[in-house]
Amino acid sequence: MRLRETAEEQAFRHELRAWLDETLPTLPPASPFEDWPAKRAYDTGWQRRLFEAGYAGISWPQEYGGRGATPSEELIFLEETERAGAPYVGCNFVSTLHAGPTIAAEGTPEQRARYLPPILRGDEVWCQGFSEPEAGSDLASLRTRAVRDGDHYVVTGQKIWTSHAQVADFCELLVRTDPDAPRHRGITWMIMPMDSAGIEVRPMRTLTGESEFSEMFLDEVRIPVGNVVGAENDGWRVAMVTFGFERGTAFVGELLGSMRLLTDLVEIARKGPAGPRGTAWDDAGIRRELAVVGAELDAQWALTRRNVSRAARHGNAGVGGSVFKLAYHETRQRLGEVALRVLGRARLALDDPTGLSSRHLDHVHQRLYALSLSIAAGTAQVQRNIVGERLLGLPKER
Amino acid sequence: MDFEPTDDQVALQSGLRRFLADRVTPEARRAMVELPGAVDRDLWRELAGMGVFALTLPEATGGAGLGAAEATLVFEELGRAAVPGPLIGTFLAAGLGEGATTSAGAGLAAAAATGDAVVGLVPRTVVGAPALIEHLAALDGLMVVGDEEVELVEPPLASRPVTRPLDPLTPVDVVDDLPGGTALGGLDVVGRLRAGGGLLAAALQIGLADAAMTMATGYALQRTQFGRLIGSFQALKHLLADAQVQVEVARAAVQAAGVEVDDALAGHGDAARLHRALDAARIVASGAADRATRACVQVHGGMGFTWEHDAHLYLKRALVLDAGIGSPDEAVESLAGAL
């Protein structure tokens with residue numbers, strides 16, 4: 001068990017830190033709230049900078065244009081970019097972390113040559129068309145139909161929770177190509193150009209007030225047969241391949257961001273609001289809750305390093321990702337709860353009117369956002385089934 | 001960075017696990033309550049023979065030359081077997097030999113390392129207040145940790161036994177007036193014992209918690225109600241999954257803290273980071289042990305609430321460990337101060 005870095009890892013960290021110090025001051029200002037084209041431009045601009053410096057596709061194999069970094073180096077990359085306050089992956093999430101790696105693993109040479117370089121350069125943005133109104137946790141029950149018509153499929157159905165659909169160029173789409181096959185065996189993974197006729201995108205406003213997600217209505221959208229990745233009706237396996245890429249790093253930015261929120265919150269608590277009983281920090285209940293949240297975040301950082309080490313040894317982190325997510329969402333939601341206790345009446349506004357905080361001025365927003373962590377990317381209930389069945393060996397319910 | 005255990009570390013842990021599974025069966029463990037102070041001195045020497053107490057001493061002085069990281073693995077196994085006795089006190093006493101400034105310390109250390117001395121570890125209570133001492137009847141020495149110094153108090157002491165200790169396998173005696181003793185060290189030794197005591201208690205709790213989870217999961221895979229295995233019900237599955245998550249996270253934190261201790265000793269450390277890692281480990285291990293041992297009682301239903309079933313032994317041992325040197329409550333305040 002070694003936590004210290006190797007000389008190579010240290011060198012990687014220093015080189016990256018130097019590049020970040022030099023590059024971040026030259027970035028344009030972040031995009032305004034809810035301006036999605038501006039956000040696309042900002043996020044893809046950052047991706048372009050990463051590409052030019054050789055950091056794009058950090059965990060992708062080198063043969064597909066990635067950096068081929070080890071899981072430890074990927075962890076360092078995420079740690080340093082978060083520490084430096086670099087932009088998040090944003091609009092490039094699906095392309096760099098999901099669709100790209102899937103095409104690298106399962107696509108044809110032509111598909112790789114067509115789609116991977118523009119992803120790395122930040123030229124093209126992807127979205128994900130997996131979930132449907134009637135297929136959430138039970139994804140394999142998806143009903144969007146694709147009917148073969150010559151050298152095209154004709155696709156009709158409805159998708160939901162499609163992040164950045166309004167600015168995407170392509171969609172990684174799961175469709176049902178064989179309605180008579182057992183449900184996992186009639187699904188196909190295909191690439192849908194977002195400028196195809198018959199696509200209607202309707203943004204949805206979440207309870208945080210943002211419209212990152214959309215509903216997507218597909219009405220006889222024609223998709224070339226050559227856009228299928230993997231074989232027809234083999235899409236479930238192709239989709240699952242992506243989950244095998246889990247290296248224990250999926251929530252590193254989240255976790256480090258939470259640590260920064262905590263530091264910021266402690267600063268706010270120490271300075272005020274000064275009530276008749278002193279500052280929030282003088283309240284032992286609040287102070288101790290902040291400490292326990294801090295201990296849990298530190299412990300989850302240790303677990304992250306365990307998961308990353310496991311991925312380095314065995315190729316993936318296994319069920320460790322689910323273990324992390326279950327622990328993390330609870331701590332993060334409690335951080336949000338104690339944040340509101342610290343803020344007192346300042347919670348009434350979705351930014352920080354007290355002016356006490358230098359960074360992350362949005363603890364109220366974060367309190368709301370944290371609610372999504374037990375829903376998105378596998379609900380806490382599904383994750384508990386995974387941990388119960390795969391780690392503890394308990395039987396399925398039916 | 002490679003935070004996975006090495007092959008040697010895996011072998012160390014699994015060897016001890018096999019030994020303890022044979023040697024400390026549930027029946028044998030319950031029988032230990034009849035022994036003075038509930039300490040099996042043969043087992044104590046066998047553990048010493050396996051290098052448990054001298055684990056971190058240099059090989060030149062008869063130790064295994066290993067570090068705090070390995071100690072967390074060893075203590076996880078001692079916790080898994082719920083071995084009764086002042087394991088932490090004896091282990092830390094054996095470590096006092098290094099740089100010992102007093103002859104009392106050197107003698108105690110040597111005897112602890114070979115398993116010939118059973119050594120307790122308690123905080124110095126307020127003058128005049130009665131002190132509760134675990135395993136007193138078995139003790140050859142008692143380290144009393146004050147704010148600024150550590151003293152060695154040698155039994156026998158005027159005391160009266162508690163007839164109903166919280167943990168039946170942790171007998172307790174009340175000493176009305178704990179006398180002063182021989183000086184063992186000052187602030188640095190206080191700091192070492194606090195840090196070590198907290199870390200090893202946390203490691204024991206990981207073992208206790210994991211054993212409780214194994215027991216609970218085993219029962220959920222065997223008990224049928226409503227015509228099904230109860231482990232297939234999500235209500236139970238989720239209860240167990242949540243507890244296991246806490247155990248996995250806490251285990252990583254405890255082992256990371258062990259590695260930080262070793263890095264600090266090797267000159268690669270950072271004092272603030274080390275203390276924070278120790279505090280965090282102490283806090284989450286206590287929480288995980290509480291969660292897992294309670295889940296174990298709950299999953300066993302009425303049987304889990306009986307004296308006959310072992311579930312309460314794990315739960316109570318975990319509670320006992322929270323009252324030792326370097327308690328989770330101290331760790332919370334300490335970590336708050338470092339935020």
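Trainee: Is A:Trp161 buried or exposed, and how do I tell?
Mentor: You count neighbours: a residue is buried if 20 or more other C-beta atoms lie within 10 Å of its own, exposed if 12 or fewer, and partly exposed in between, with C-beta atoms placed from the backbone. A:Trp161 has 22 C-beta neighbours inside 10 Å, so A:Trp161 counts as buried. Before we go on: this is a predicted model, where local features need pLDDT of at least 70 and side-chain atom pairs count only at pLDDT 80 or more, while totals for chains, interfaces and linings use all residues. Residues are numbered from 1 along each chain as its sequence is written, and chains are lettered from A and ligands numbered from 1 in the order in which they are written.

Trainee: Where does A:Trp161 lie?
Mentor: A:Trp161 is in the loop between strand 3 (152-159) and strand 4 (170-176) of chain A. Helices (H or I, at least four residues) and strands (E, at least two) are DSSP runs, numbered from the N terminus.

Trainee: What should I look for in backbone angles?
Mentor: Most residues other than glycine have a negative phi, and most peptide bonds are trans. Now the exceptions here. A:Trp161 is not a glycine, yet has a positive phi of about 65°. B:Ala38 also has a positive phi, near 60°, and sits in the loop between helix 2 (26-31) and helix 3 of chain B. B:Ala38 counts as buried because 22 C-beta neighbours fall inside 10 Å. As for peptide bonds, B:Pro155 and B:Pro156 are joined by a cis one, with omega about 5°. You'll find B:Pro156 in the loop between strand 4 (150-153) and strand 5 (160-161) of chain B.

Trainee: Which residues of helix 3 of chain B are buried?
Mentor: In helix 3 (residues 41-49) of chain B, they are B:Leu43, B:Trp44, B:Leu47 and B:Ala48. Look down the axis of helix 3 of chain B: the buried residues fall within an arc of 140°, so they line one face of the helix. The arc is that of the directions from the helix axis to the C-beta atoms. On the face turned away from the buried side, helix 3 of chain B carries the exposed residues B:Asp42 and B:Gly49.

Trainee: What do the buried residues of helix 3 of chain B pack against?
Mentor: Helix 1 (7-23) and helix 6 (103-113) of chain B. Two residues are in contact if their C-beta atoms, placed from the backbone, lie within 7 Å. Just after helix 3 of chain B, B:Gly51 takes a positive phi of about 90°.

Trainee: How do I describe two packed helices?
Mentor: Use the angle between their axes and the distance between the axes. Axes are lines fitted to C-alpha atoms, for helices over the stretch in contact, and angles run from 0 to 180 degrees between N-to-C directions. Angles under 35 degrees count as roughly parallel, over 145 as roughly antiparallel, 65 to 115 as roughly perpendicular and the rest as oblique. Take helix 7 (residues 187-220) and helix 9 of chain B: their axes come within 8 Å and cross at roughly 25°. That makes helix 7 of chain B roughly parallel to helix 9 of chain B.

Trainee: How do helix 9 and helix 12 of chain B cross?
Mentor: The axes of helix 9 (residues 271-299) and helix 12 (residues 328-338) of chain B come within 9 Å and cross at roughly 140°. So helix 9 of chain B is oblique to helix 12 of chain B.

Trainee: Which helices pack across the two chains?
Mentor: One case is helix 9 (residues 320-343) of chain A with helix 8 of chain B, at an angle of about 100° and with axes 9 Å apart. They are therefore roughly perpendicular to each other. A:Val323, A:Leu326 and A:Ala327 of helix 9 of chain A meet B:Asp242, B:Val245, B:Glu248 and B:Val249 of helix 8 of chain B.

Trainee: How many residues does each chain give to the contact?
Mentor: Chain B gives 41 residues and chain A gives 40 residues. On the side of chain B that touches chain A, helix 8 of chain B supplies the largest share, 17 residues.
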